[in-house]
Amino acid sequence: YELLLRGTDKLNYTSIHDFFDSAYRDGSLVLLDHLLREKAVKKFLTIENNFLKRMFYNLDNRIFTMPNYKSGKTDEILEKHGLDKSRFTFEISERHELSSNFNIESLAKYYKYRNYKIAIDDFGTGFSGLQLLYHTNADIIKLDRFFIADIERKPKKRIFVSNIIKLAHILGIKVIAEGIETKAEYYTCLN
């Protein structure tokens, strides 16, 4: 389950990205992230048979560059609510370019050392896809819907997806195709 925030339009934001960009600009992104992380864990625990499921949480990589960021909050939230780390996966997006003074490799090693799983979200659509894959040693790649839509009719998409999957499997990484909406897309991805 990927837990997502919706309804920011009611707060007069044009998009979810605008909402997070605003929090980043005013310095409240870390606090917002912690509040949303806890809310997401609580919501996940209400899902029937959640002990059989995995939670995916989108992480805005800009929080690590903020002066009020400190590690350990996720451990605290999971312990408080009794959710095992093995069922919690951080999704790192390619949406925001990583600054040159930010070491994603160290961050990924830290989370892996703490027994968290890491997924790369929206793979193939952002600033640094292959670099992010190289530096994070991700457990999962989530292929963006762009590559899945009409894949059965677009040979170029099949070539890209096929090669991304081959590379991922060589590296021991699982692959998730996001947004499969038709049987044709499903069977093409399965093949």
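## Strand pairing

Two strands pair if DSSP finds at least two bridges between them, strands being DSSP runs of E with at least two residues and helices runs of H or I with at least four, both numbered from the N terminus. The model is a predicted one, in which local features need pLDDT of at least 70 and side-chain atom pairs count only at pLDDT 80 or more, whereas totals for chains, interfaces and linings use all residues. Residues are numbered from 1 along each chain as its sequence is written, and side-chain values use heavy atoms, with hydrogens and water left out.

Strand β3 (residues 88-93) pairs with β4 in the parallel sense over 5 bridges, and S93 has D121 in β4 as its bridge partner. β4 also pairs in the parallel sense with strand β5 (residues 140-143), over 3 bridges, where F123 stands opposite L143. Because 5 of the 7 residues of β4 (residues 117-123) are buried, this strand is largely enclosed by the rest of the structure; buried means under 20% relative accessible area with a 1.4 Å probe, protein chains only.

Neighbours within four places in sequence aside, Y111 is in contact (heavy atoms within 4.5 Å) with L59, F64, Y69, F90, Y116 and I118.

Key: Buried < 20%, exposed > 50% of the residue type's maximum accessible area, 1.4 Å probe, protein only.
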